[in-house]
Amino acid sequence: MNKEQKKALAIAEARLRAKQKEAAQQPAADPQPARNIMDDMALFATNPLLAGQRMMEMRGMSEAEKEQQRASERGLRREMVEGALLGGLGELQATGAGIKGAVTGEGFTPAFQRSLTASEAEASKFREQFPVASTAAQVAGSLPTGVAGASRIAASKIGQAMPRLAQTIGAGITSGLAGGLATEGGLEERGTGAAISGLLGTGLGAAGQFLPRVTEEAKGLLARNIPLTLGQAFGGTVKQAEEIATRAPVIGQIIRGAERRAAVGFDRVAVEDALSSIGFKAPKTASGTDLIKAADDAINAAYKKAIPDSGLPNAQPVFKQFDEIAQGASDLPKAQFDQLRAKFKKALDPSLFKDDLSMDGDATHKAMKFLGREASRFMKTGDPDKQDMAKAMYEAQAALRNELVRQNPEAKDLLKVGQAFKQFQPIVKASVSAPSKGGEFTPAQLLAKQKVAGGKAFARGEMPTQRLAQTAQDVMAREIPDSGTPLGAAGLLMARNPALLVPTMVGATGAGAIYGTRAGTALGRGLIGAPARRAGELALLPMASGQVGSLLAQ
């Protein structure tokens, strides 16, 4: 090293010593507040790039800064454990210290009090520094405890007998325990905190259990896209209020129209379930007889695709079955009976048969399609005699299809169509026998036909769509309502009592906004069910009630 290099090194060392001396003379800077790990987590969720940058900055922290960070994380974990133990962490630690003190000779009470005081001081320091994060961590930590406690109570014998009351009591007990443990002071202060928190938790639990909420049965139907009315969704007092409202002019027509839409929605889902083996999806606007025709057309198309070239090797059994069906309809007026026999004769026209009385695939499909088309046409007339003719033609069509499946057991696609057709028959019969002129049917009417068709399978609950129909029967109306015309009802009301027109129309506007569309009904469900949902969520967070009770007690 030459002289110039030595001189430059000496100057650098002198400058460094001067800076160190100056820094030592400066007053010590306030320590940086401990960073909260929740802030880092929130930052990572909203801005991953910035969060990554901050993580890189942590690599340059001093040991003191890293210790502050670790202390922040320890405090946060402690608050979450405090929540899980419903505020009893300090007491649990103090009990352990007391037992140790009793063994070592210090004594249980002195050791217990010393440990509890130190624990509360540590917790108070963290809570003063991070009040929001501390409360949030305790509430979050109490969620598993609250849910587990409510589940255990609901699963007990008492809970099974009266689950709503049991869960309400459970919410009150856990909240009271949390409030008593979270309150600082002696037994009197802790007792006050427990009482306040217990009452608050019980109130939230009762509100969550007993305020109107969508029933479990209705949730299943709504999930299938069946547009239930508010009364059908909530049951109880909401349903009673809705039934009363249906008696009002104009408003009643609007609500009955919504009930009819729910019935149509059920019919669509039932038909789609029955024809699931061929992937049938009901047209959006189809209902009643149009829905039945659309399903029958889908089955016809599937049959045409699946029918083997041989069709019916032996069509003789079909003649006998058609004759038996016709004799079963002999109580029809002579004109209609003769017309039915003519339709059967046309369906089995000699031109469709070969010399050996067999029918190829095209001929068989033509006969089935003719019977279905004519039955649908007679169903729409609304004439009882012609609807009985339609029923007989549907039976003849079923006989032809069943014979086709029986004589072609190896055709797998045909078996799928046959399954869909078999499951469709109770629906057809329910539609034919329904009092509704449009052919809509209720869950009860479908169940009645399934019971006849299913026998033991129905008794075991194994009929297709049976469970859906049983659930809907408990939730929906027992008959298809005639919605009428709201405007016509308004005109009649004005003619009878003009003074009632304005208030009725105001009410009808509100009813139309809620019941007139799916979106309006969904909004109504949200508004009515929100208080019970929020209260139920808070009831499962015992530390939320515990914190409030503790603050009020202190």
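The following questions and answers go through a predicted model, from its overall make-up to single residues.

Me: What kind of model is this, and how are its residues numbered?
Reply: It is a predicted model, in which local features need pLDDT of at least 70 and side-chain atom pairs count only at pLDDT 80 or more, while totals for chains, interfaces and linings use all residues. Side-chain values use heavy atoms, with hydrogens and water left out, and residues are numbered from 1 along each chain as its sequence is written.

Me: How many helices and how many strands does the protein have?
Reply: Helices (H or I, at least four residues) and strands (E, at least two) are DSSP runs, numbered from the N terminus. Counted this way, the secondary structure comes to 27 helices and 0 strands.

Me: What percentage of the residues is buried?
Reply: Buried means under 20% relative accessible area, exposed means over 50%, and partly exposed lies in between (1.4 Å probe, protein chains only). The protein has 554 residues, and the buried share of them is 42%.

Me: What percentage of the contacts with a separation of 6 or more joins residues 24 or more positions apart?
Reply: A contact means heavy atoms within 4.5 Å. Among contacts with a separation of 6 or more, the share from residues 24 or more positions apart is 68%.

Me: Which residues touch the most other members of the largest nonpolar core?
Reply: A nonpolar core is a set of buried Ala, Val, Leu, Ile, Met, Phe, Trp, Tyr and Cys residues joined through side-chain atoms within 4.5 Å. In soluble globular proteins, nonpolar side chains tend to be buried together. The largest core here has 93 residues, and those touching the most other members are F266, Y303, F344, F424 and I427.

Me: Which residues does F424 touch, leaving out those up to four places away in sequence?
Reply: F424 is one of the core residues that touch the most other members. With residues up to four places away set aside, F424 touches V271, A274, L275, I292, A295, D296 and I299.

Me: Is V417 buried or exposed, and which residues does V417 touch?
Reply: V417 lies in helix α20 (residues 412-433). Its relative accessible area is 3%, so V417 is buried. V417 and S276 are 141 residues apart in sequence, yet their C-alpha atoms are 9.8 Å apart in space. Not counting residues up to four places away, V417 touches I278, I299, A302, Y303 and A306.

Me: Which backbone oxygen does the side chain of T364 reach?
Reply: T364 lies in helix α18, and T364 is buried because its relative accessible area is 0%. T364 touches G311, L312, M359, L400 and L404, not counting residues up to four places away in sequence. At 2.9 Å, its side chain reaches the backbone oxygen of D360.

Me: Which parts does the salt bridge between E374 and K343 tie together?
Reply: The side chains of E374 and K343 meet at 2.8 Å, N to O.

Me: Which residues of helix α23 are buried?
Reply: Helix α23 covers residues 466-475. Its buried residues pack against several helices, including α11, α12 (230-234) and α13 (236-245). Those buried residues are Q466, L468, A469, A472 and V475.

Notes. A salt bridge is a side-chain nitrogen of Lys or Arg within 4 Å of a carboxyl oxygen of Asp or Glu. A polar contact is a pair of N or O atoms within 3.5 Å; within protein, one must be able to donate a hydrogen and the other to accept it, and residues adjacent in sequence count only if both atoms are side-chain atoms.
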